[in-house]
Structures are given as structure tokens and as C-alpha cells.
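These are my notebook entries on a single chain. I record what I looked up and what I found.

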Amino acid sequence: MAKLYLLRHAKAGWAQPGMRDFDRPLDPTGMEEAAATGAIMRNCGYEPDLTLCSNARRARETLTGIANGVDTGRVVFLDTLYTEDAAFYLDAVRTHGHVGSVLVIGHNPMMEDLTVAISGNGEAGALDMLNHGFPTSGLAVLRFEGSLAQAAPGKGYLEAFLTPVTI
């Protein structure tokens with residue numbers, strides 16, 4: 001059984017004049033969210049073998065924040081997780097799906113779109129939480145029969161959906 005963890009980056013501050021959106025850092029709340037997410041991942045045993053992380057500053061800082069609480073495995077940074085759509089995210093998971101579990105740290109609307117697309121079924125509470133949106137530091141935990149290289153729409157089971165409110 002394979003696990004896929006989809007984590008939207010923590011809360012970022014607004015861009016300062018002359019700053020690119022790509023370079024926006026986490027704000028103090030976002031730093032707290034990332035640390036809390038790392039702690040809950042550790043407490044739940046959510047430790048990926050591989051992390052695919054957007055190269056945007058706020059995603060990299062989220063990775064740093066959660067890494068203080070949980071082993072994130074080998075990390076691959078991808079600029080394309082900032083610019084591409086949910087279909088690309090799924091392709092990236094499949095490409096790197098030869099490991100047992102993958103964490104993707106990315107952006108909305110891609111995270112929400114991918115989670116909805118691949119969740120064929122799930123825990124009632126998790127599905128209900130997901131129906132209310134995918135907030136910053138939201139973490140979807142999906143399991144798949146077989147390898148993530150075979151992940152496809154409707155084939156995942158949404159085991160948990162954690163938000164900063166539940167963390």
C-alpha cells in the first residue's frame with residue numbers, strides 16, 4: 001500500500017513592492033503552522049520516503065518548518081510545482097512513485113484539484129473537511145493499493161484531511 005501526502009504551503013505574507021510572488025516568505029503564522037504540521041505528521045507516523053517541493057520560497061520554508069518535526073526523506077525541488085496544473089502534479093507523483101510514500105508541497109488550486117480528483121472514496125470526516133476548501137497548511141493523506149506510479153483519478157482513499165484548525 002502506498003501513501004501520498006499533499007501539503008499546501010503554510011501561510012505566506014503579502015509581496016512587498018518589487019517582490020515577485022514566487023519569493024514571498026512565510027509570515028509568523030505560517031511558520032507556526034509549518035511546525036505544527038511537522039509535529040502532527042510525526043505523531044501520526046506520516047513520514048514520506050520522498051518529498052517533491054515547489055521551489056517557491058514559501059513552499060521551501062514550509063518544508064524547513066515541517067522537517068523539524070518529521071523526516072521528509074529525499075527532497076526534489078521542482079519549479080514546475082509553482083507553475084503547472086493538477087495534471088502535472090499527478091504526473092510528477094507517478095514519475096517518482098516507485099517509492100512507498102511521497103509528500104508533495106505545493107500550491108492551490110492544484111492541491112485541492114488533485115485531492116478531489118484522486119479521492120475515489122475516504123473517511124467521511126476527511127471528505128467533509130475537504131469540501132470546505134484546502135487552506136494553507138492543509139494536509140491530505142491518501143492511500144493507494146499498489147504503487148504511486150499507478151495513481152489515477154478516483155483510485156485514492158482519503159484517509160485524513162488535516163487543517164491548521166485540526167492541528
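**Entry 1: Asp 49**

Which residues does Asp 49 touch, not counting residues up to four places away in sequence? I find Gly 73, Arg 74, Val 99, Gly 100 and Ser 101, where contact means heavy atoms within 4.5 Å. I note that this is a predicted model, in which local features need pLDDT of at least 70 and side-chain atom pairs count only at pLDDT 80 or more, while totals for chains, interfaces and linings use all residues. Residues are numbered from 1 along each chain as its sequence is written, and side-chain values use heavy atoms, with hydrogens and water left out.

I place Asp 49 in the loop between helix 1 (28-44) and strand 2 (50-54). Helices (H or I, at least four residues) and strands (E, at least two) are DSSP runs, numbered from the N terminus. A polar atom of the Asp 49 side chain lies 2.9 Å from the backbone nitrogen of Ser 101. I count this as a polar contact, that is, a pair of N or O atoms within 3.5 Å; within protein, one must be able to donate a hydrogen and the other to accept it, and residues adjacent in sequence count only if both atoms are side-chain atoms.

Is Asp 49 buried, exposed or partly exposed? Asp 49 counts as partly exposed because its relative accessibility is 41%; buried means under 20% relative accessible area, exposed over 50%, and partly exposed in between (1.4 Å probe, protein chains only). I also looked up its separation from Gly 30: 19 residues in sequence and 24 Å in space, C-alpha to C-alpha.

**Entry 2: strands 2 and 3**

I next followed strand 2 to its partner. Strand 2 and strand 3 (residues 74-78) run parallel and are joined by five bridges; two strands pair if DSSP finds at least two bridges between them. Between them the chain passes through helix 2 (residues 57-67), and this β-α-β crossover is right-handed. The term means that, with the strands pointing away from the viewer, the path from the first strand over the helix to the second runs clockwise.

Opposite Leu 52 I find Val 76 in strand 3. Beyond its neighbours within four places in sequence, Leu 52 has contacts that include Val 76, Leu 78, Ala 92, His 96 and Val 104.

**Entry 3: nonpolar cores**

Which residues of the largest nonpolar core touch the most other members? Of its 29 residues, these are Leu 4, Leu 6, Leu 52, Val 104, Ile 118 and Leu 142. A nonpolar core is a set of buried Ala, Val, Leu, Ile, Met, Phe, Trp, Tyr and Cys residues joined through side-chain atoms within 4.5 Å. Helix 4 (residues 86-95) gives the most to this core, with five residues. Apart from this core I record another, of 18 residues, with Tyr 5, Cys 53, Leu 63 and Leu 162 among them.

**Entry 4: aromatic pairs**

My search of the whole structure gave three aromatic pairs. Rings of Phe, Tyr and Trp (its six-membered ring) pair if their centres lie within 6.5 Å; planes under 30 degrees apart count as stacked, over 60 as edge-to-face and the rest as tilted.

The pair of Tyr 5 and Tyr 46 is tilted, because the ring planes stand at 45 degrees, with centres 5.4 Å apart. Tyr 5 belongs to strand 1 (residues 2-8) and Tyr 46 to the loop between helix 1 and strand 2, 41 residues apart. I find Tyr 5 buried at 3% relative accessibility, and Tyr 46 buried at 9%.

Phe 22 and Tyr 82 form an edge-to-face pair, 5.0 Å centre to centre and 90 degrees between the planes. Phe 22 lies in the loop between strand 1 and helix 1 and Tyr 82 in helix 3 (residues 80-83), so this pair ties together parts that are 60 residues apart in sequence. Phe 22 is buried at 15%, whereas Tyr 82 is partly exposed at 23%.

**Entry 5: Ser 119 and backbone geometry**

I found Ser 119 in strand 5 (residues 119-122). Its side chain reaches the backbone oxygen of Thr 115 at 2.6 Å.

Where is the cis peptide bond that I looked up? It joins Asn 108 and Pro 109, with omega about 10 degrees. Pro 109 sits in the loop between strand 4 (101-106) and helix 5 (110-118). Lastly, Ser 137 has a positive phi, near 65 degrees, in a residue other than glycine, and is buried at 1% relative accessibility.
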